[in-house]
Amino acid sequence: MTLRYLTAGESHGPTLTAILEGMPANLPLCEEDIDRHLARRQQGYGRGGRMKIEQDRVRFLSGVRWGLTLGSPITLSIENRDWANWDKKMSPRAEDRMEGEAVTHPRPGHADLSGVIKYRQDDARNILERSSARETAVRVAVGSLCRRFLSELGIEVMGYVTELGGVKCEEVLEDYRERFARSEASPCRTFDSNAEKRMIAAIDQAKEAGDSLGGVVEVAVLGAPVGLGSHVHWDRRLDGRLAAAVMSIQAFKGVEIGAGFEAARRPGSQVHDEIEYRDGGFSRRSNRAGGLEGGMTNGEAIVVRGAMKPIPTLYQPLQTVDMESKKPFAATVERSDVCAVPAAAVVAEAVVAIEVANALLEKCGGDSIEEVRENLDSFRRHVERF
Ligand code: EPS
């Protein structure tokens, strides 16, 4: 067991909380390391009214003292400012129960209906509060901590949008750092300024029509050593673990690594990356494998993409059935976003950072950051000599 974490909290409950266990001691850490990524996640063209209420900030409730991790479980907490408007509706006390508030028109595409059947509920709020993508705020907090750990070891994680509402980035830009730098300044978190204009127009159109939009995000990890993950067993394959982590983000329906589905359409000669030995080390002439072969990193950039479906809450709702009367009805309209793909790029960075940090600790683990660094340096010397 290396890194593990749990999250808790409802969308309109008082707080979101996570406990991260397994982070080594002596990692320099301050709230700003987390808060700047929480702020990035809150941005993006197409967000709804909730983001005007929230100003996400982390509080460390355990595991950090005087700017350094202690090696003990780290508790991260983010307050939901909107809780002030929901304290009765989301109260834990039986005497606060309100009648006539139940959500009974489940939204197509949402967890509502399967959740109420599974958990024997008559109010879809008891499902939607936890299935909400609000939970991603605290996953970004955990991921930002892991990202801080990776940056200490020279590993960078960068996420951005490559497609939104059917509009694809067309500009050829090989340099991941350049893609990231440009995307950071873009309201759609994308690097192709022509595509960005069309993405904004698509979001405006969807908003006008009471509709919602999905898209594709890409995460690149630079500086990871060869040999994270392993070919020896299915649950040690890092590609599988990255895919599970990205697929677990709310509303994600597809994951690709490197050339992904396109690799299935081409002959092998146009898929596999030729090996060369240059400047005293092995490298590849291309990176269609997305940095992963046999479930292990090969020293090239790790490249993972995730496909997000459009958010299921539509202001022009689809048809559904009332859970009590079984009569047709328009689906519930909850306040929501038209498009959260730019935010999802930050969430994808976070879940990828968690998996890479975990794999790095498996390979070069230690109880302190100094010990991890020594182990990693020693392994890097082996790679250089090989
Ligand atoms: C969400 C619905 C909206 C989003 C929310 C995710 O929340 P509300 O119903 O309160 O307006 O704003 O996302 C966030 C709160 C967030 O922090 O990303 C949903 O149904 O998934």
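A pocket, in the sense used here, is an open set of grid points with protein on both sides within 12 Å along at least five of seven lines. Keep that in mind as we walk through this structure, which is a predicted model.

Let's begin with the second largest pocket, whose volume is about 760 Å³. Its lining is made of 35 residues, and those nearest the centre are Ser 132, Ala 133, Arg 134, Ser 336 and Asp 337. Helix H2 (50–53), helix H4 (125–131), strand S10 (252–257) and helix H9 (341–364) each give two or more residues to this lining. H9 provides the largest share, with three residues. Sorted by class, the lining of the second largest pocket holds 15 nonpolar, ten polar and ten charged residues.

What sits in the second largest pocket? It is the ligand. Look around the ligand and you will find His 12, Arg 41, Arg 47, Arg 50, Met 51, Ser 132, Ala 133, Arg 134, Arg 335, Ser 336 and Asp 337. This shell divides into two nonpolar, three polar and six charged residues.

Now zoom in on some contacts. The side chain of Arg 41 places an N or O atom 2.6 Å from an oxygen atom of the ligand, and for the side chain of Arg 50 the distance to a ligand oxygen is 2.7 Å. Ala 133 takes part through its backbone, where an N or O atom lies 2.9 Å from an oxygen atom of the ligand. On its own the ligand exposes 470 Å², and the protein buries 92% of that area.

Next, turn to the largest pocket, which contains about 910 Å³ of space. Among its 25 lining residues, Arg 179, Glu 218, Gly 258, Val 303 and Arg 305 are the closest to the centre. At least two lining residues come from each of strand S7 (156–164), helix H6 (176–184), strand S9 (215–222) and strand S15 (302–308). The lining of the largest pocket includes 13 charged residues, along with nine nonpolar and three polar ones.

Finally, how many cavities of 30 Å³ or more does the whole structure have? The search finds one, and the volume of this largest cavity is about 30 Å³. By class, the cavity is lined by four nonpolar, three polar and two charged residues.

How values were computed
Residues are numbered from 1 along each chain as its sequence is written. This is a predicted model: local features need pLDDT of at least 70, side-chain atom pairs count only at pLDDT 80 or more; totals for chains, interfaces and linings use all residues. Side-chain values use heavy atoms; hydrogens and water are left out. On a 1 Å grid over the protein atoms alone, a cavity is a set of points where a 1.4 Å probe fits but cannot get out, and a pocket is an open set with protein on both sides within 12 Å along at least five of seven lines; lining residues have an atom within 4 Å of a point. Grid points are joined across faces, edges and corners, and a volume is the space filled by probe spheres set on the points. Helices (H or I, at least four residues) and strands (E, at least two) are DSSP runs, numbered from the N terminus. Ala, Val, Leu, Ile, Met, Phe, Trp, Tyr, Cys and Pro count as nonpolar, Asp, Glu, Lys and Arg as charged, and the others, Gly among them, as polar. A residue is near a molecule or strand if one of its heavy atoms lies within 4 Å of it. A polar contact is a pair of N or O atoms within 3.5 Å; within protein, one must be able to donate a hydrogen and the other to accept it, and residues adjacent in sequence count only if both atoms are side-chain atoms. Accessible areas come from the Shrake-Rupley method with a 1.4 Å probe; for residues, only the protein chains shown count as cover. A molecule sits in a cavity or pocket if more than half of its atoms lie within 2 Å of its grid points.
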